[in-house]
Amino acid sequence: MTGRAPSGRVFALHAAVILGLLILNFVLPEYHRGVFSRVLVLAAFAMGYNILFGYTGLLSLGHAMFFAAGLYGAGLPVYHLDWSVAPAFIAGIVSGAVLALAIGFLALRTTGVAFMIVTLMFAQVFYLITLFFTTYTRGEEGLVIRQDLRHLRMGDLDLALTDPSLRYLIALVLFSAVLIVTLFIVRSPFGRSLVAIRENEERMRMLGYNVFTNKLAAVVLSGAFCAASGAAYALLFGYVGSGFASIQYSILPLLWVLLGGAATTLGPLIGTLFMFYIVDFTSGFMPAYLLVVGAALILLILFFPKGILGSIRERWAPWLP
Amino acid sequence: MAAVTPLLSTRGLRRSFGGLKAVDHVDFDLPAGEIRAIIGPNGAGKTTFVSLICGRVLPSSGTVTFDGKDISGLQAHQRVRAGIAYTFQITSVFANLTAFDNVALSVQRRLLDGKDKSGALHDGVMDALQKVGLTGHANAVAGKLAYGHQRLLEVAMGLALKPRLLILDEPTQGLSDGEIANFIALVRDLSKETTILLIEHNMHVVMELAGRITVMEQGRILAEGTPEAIRADADVQRAYLGA
């Protein structure tokens, strides 16, 4: 939780996780490698959400708009303007960051339930905009980005993002980058300020901190991470649709983070992975699998109220960041 | 007194809550280096008055001048950076963080401003903790400290900002006699480096520490003077000391 936590152990753990995921690329069966690719990209979404929800204590119900801003910010230029993937990816991140700056500036005038509702409303507006411009987005049906457009070309190098192994590795690079930046942030003075704002906002103000700008920075960082995830999703999986801007994709990162452990660096990965596999597993047995998923989630919250990693930190490993 | 610009002054400071005039047209001057106590019955407007000074509450009208500059338009966090620190009447520490981390947030703020590059984080924190006598509790979680220690931690967070004006809002509330004696010594020590504005109900503490006393009643300043003069003042006795 502080700069005095054992750095060696923390870095070793994170390095081990990244290394383990790298090895999985070569041992996982094809189907599971595909699932993991998706999970890694979406875990970046969850980590972005965690910056704001877990560390800063701001519960947003509108993060689908940041994910979708990245998705469309990267997908539309590729689809309509034949942009190559690298500038499109950057355009996606910038879209999310700019949107987060504007939304944060307005929504941070509120707190608590009002903040939840304001972010929810903005996300609905974003969702409806994607439907309104159906000419360009094709709404719920969405756009499928042609495979030949999804190539990363650098000089003589021509990498097809549709290749399963490369796709996995790129997802891993994105995941690792977001994880490392998150780890760096939460151990920095800025990260400690965010946690302190979560704990006692008024006290922070009276210690001379500009609470508003700190929160705004958290919203922008969070929005940029989520947009990076959205942009990568569009480019790696080639589908851009309004469904990703819907309320469901605002609730999912909250669920992933709660399951894995809010305000833990690795919790979002665990939560996302857990959700994917419990759905995957139960849907193989019965049509009413969501019932089982719901029951499992309730049990988990009852016995691990702080999420999987949050509870582990509380009971056995207080040094976890 | 007139020749020197006071560190802090207010002119025509007013704040109403609905029909209640919590602070009513207060002109107040505080020279640098002084320990000033503000006393008055409950509801006299003492906490509202200092909240207006540190910006937690906005005035209905009037100005606050600090170190020759009008700070009426500054937000609370900007006033803190200008050198006004406030310790809360109701203990407001970060309960889940250690004592060290609580104070580190103050020191970190000061280091970020670059006003004081000499002290590293660790030294700054331990220095503040040592002044209030909490060195041995540095790694204790703040919420689990004894109440008196939490009060002292609150003070340590204030003084770690190295303020030019330290506002202490009923700091001895809930402290034992022994802790109060230590506290008096602490404030005397602090007053060598900073000006202190103290809201206090314990008359023993007030008489021991204050260079001058300001008495408030119903949002106004009723009297101001040395402890001896205040003790002798008939109005004060009627309003507050209960004669």
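This report describes the fold and the domain arrangement of chain B in a predicted model.

## Basis of the description

Residues are numbered from 1 along each chain as its sequence is written, while chains are lettered from A and ligands numbered from 1 in the order in which they are written. Because the model is predicted, local features need pLDDT of at least 70 and side-chain atom pairs count only at pLDDT 80 or more, whereas totals for chains, interfaces and linings use all residues.

## Overall fold of chain B

Chain B contains 9 helices and 10 strands, these being DSSP runs numbered from the N terminus (helices H or I, at least four residues; strands E, at least two). Its radius of gyration, 18 Å, is close to the 18 Å that the globule rule gives for 243 residues, so chain B is as compact as a globular protein of that length; the radius is taken over C-alpha atoms, and the rule is 2.2 Å times the number of residues to the power 0.38.

Of the contacts in chain B with a separation of 6 or more, 67% join residues 24 or more positions apart, a contact requiring C-beta atoms, placed from the backbone, to lie within 7 Å.

## Two domains and their contact

The assignment for chain B, whose bounds come from an automatic or database domain assignment, gives domain 1 (1-83 + 163-243) and domain 2 (92-162). Their centres, taken over C-alpha atoms, are separated by 24 Å, and the contact takes 13 residues from domain 1 and 12 residues from domain 2.

On the side of domain 1 that touches domain 2, α2 (76-82), β7 (165-169) and α6 (177-190) of chain B each give two or more residues, and α6(B) gives the most, with 4 residues.

Notes. Contact = placed C-beta atoms within 7 Å.
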